[in-house]
Amino acid sequence: MKYDFTTIWDRSGKDAMAVDAIEKFPIFQPDEGFDSIPMWVADMNFATAPSIVEAMQKRLEHPLFGYFITSDEYFDAIINWQENRNGVQELEKEHIGYENGVLGGVMSALGAVCCQGDAVLVHSPTYIGFSGSIKNAGYKLVTSPLKPDRLGIPRMDFYDMETKIKRNDIRAVVFCSPHNPTGRVWEREELEQFMDMCRRYELTVISDEIWSDIILKGHKHIPLQSISEDARMRTVGLYAPSKTFNLAGLVGSYHIIYNEFLRRKVKKQASLAHYNSMNVLSMHALIGAYSDEGAEWVDELRQVITENVKYACKFIRKELPGVSVHQPEGTYMLFLDCEEYCNSHHRELEDVKIAGYKCGVVWQDGRQFYGPNHLRMNLALPKERVIDAFNRLRDYVFI
């Protein structure tokens, strides 16, 4: 490969929450003889694309960082990226708006179309950022569980969704595509049925598509706004280079809203806190990311993550009886179901989780994501470390 996805970086003391929290909290500390493998926070243990560093370094050569105007190059980079990667047509500068983060965009959109106390529909398992933000803002969180089909693929339960929409007078849905934490990449037929339901019940859809660039081999992301003209006009699309290029610490997301009336309402809501302002280095980072070299880097990243996911899922099936997982189609996260193992071995999930910490596998409690017997794992790290982690799970945890 042209780019480096094998170096094991020492991130200690380099402003990395994934590592610094392990060193700070005793519960994460491994037993003697083990080092810690960070597999919890959803950032990557890969250095970002060189084109990003080069773009930022070039800007840093000019030592003034005063007020600035968002450049046409920034908007052009987004328009070209969306066209080349997702086949998006007729996206224009006016449809794009900056967001400090996708969650901030979710909350601005909800504030534009809902009142405090209103119910908001999400699928479960649910990204912890959705559940926390929605409830903290005074909305009622209503979850619709995904149901595995006969092949174990998580699917939307349309009967359950419609029942809850009517029962709770729901006006807005927060959608996740690809889905976090299961890694589902939705198929066109599913999205068409979903958006037809939203049309019939006159729902605004807030679609978090931050993972849309990390699609594994054999799958393709379909932007929700591309499903139909009605979907285009009732959907707030939210994107960022942060997951794709490991830039969460720089802060910088954006929305795509085609409906002018909805766009004006969301922008007004976002303006009320007087905080939603772009960082000049984030602007140049996005331009460097959404370049030809950045696209080449992402293509290699997808190969690496695909191989890590295949390895992990094969290992689980063969070496960890009682543990099951839907093989992700996108993202770099695994959502392990430990119910059968815990029942057959008379163990609590908490015990399994802590046993992982003790042998240095720092994973995440899936109960925070409405997974009652689940653990969440990040596979965006060199394969050598993935192999090491799963060997430890076999030898010291699932025994």
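In which handedness of crossing does α6 pass α7? In this predicted model, where local features need pLDDT of at least 70, side-chain atom pairs count only at pLDDT 80 or more, and totals for chains, interfaces and linings use all residues, α6 passes α7 in a right-handed crossing (the near helix is turned clockwise from the far one by less than a right angle). Residues are numbered from 1 along each chain as its sequence is written, and side-chain values use heavy atoms, with hydrogens and water left out.

On the α6 side, Phe-158, Met-161, Glu-162 and Ile-165 meet Glu-190, Gln-193, Phe-194, Met-197 and Arg-200 of α7 (heavy atoms within 4.5 Å). The residues of this contact comprise 5 nonpolar, 1 polar and 3 charged.

The largest cavity contains about 100 Å³ of space. Of its 14 lining residues, Pro-241, Val-251, Gly-252, Ser-282 and Leu-286 are the closest to its centre. Helix α11 (residues 280-289) contributes the largest share of this lining, 4 residues. The lining of the largest cavity has 10 nonpolar, 4 polar and no charged residues.

The second largest cavity contains about 50 Å³ of space. Its lining includes Val-122, His-123, Tyr-127, Phe-130, Phe-175 and His-179. Strands β3 (119-124) and β7 (172-176) are the elements that give two or more residues to this lining, and β7 gives the most, with 3 residues. The lining of the second largest cavity divides into 7 nonpolar, 4 polar and no charged residues.

The largest pocket (an open set of points with protein on both sides within 12 Å along at least five of seven lines) contains about 1200 Å³ of space. It is lined by 45 residues, of which Asp-43, Asn-246, Leu-247, Ala-248 and Gly-249 lie nearest its centre. Helices α2 (50-60), α4 (102-113), α5 (128-136) and α9 (242-245) each supply at least two residues of the pocket lining. By class, the lining of the largest pocket has 24 nonpolar, 13 polar and 8 charged residues.

Definitions and conventions: Nonpolar A, V, L, I, M, F, W, Y, C, P; charged D, E, K, R; others polar. 1 Å grid on protein atoms, 1.4 Å probe; cavity = no way out; pocket = protein on both sides within 12 Å on 5 of 7 lines; lining within 4 Å. Points joined across faces, edges and corners; volume = space filled by probe spheres on them.
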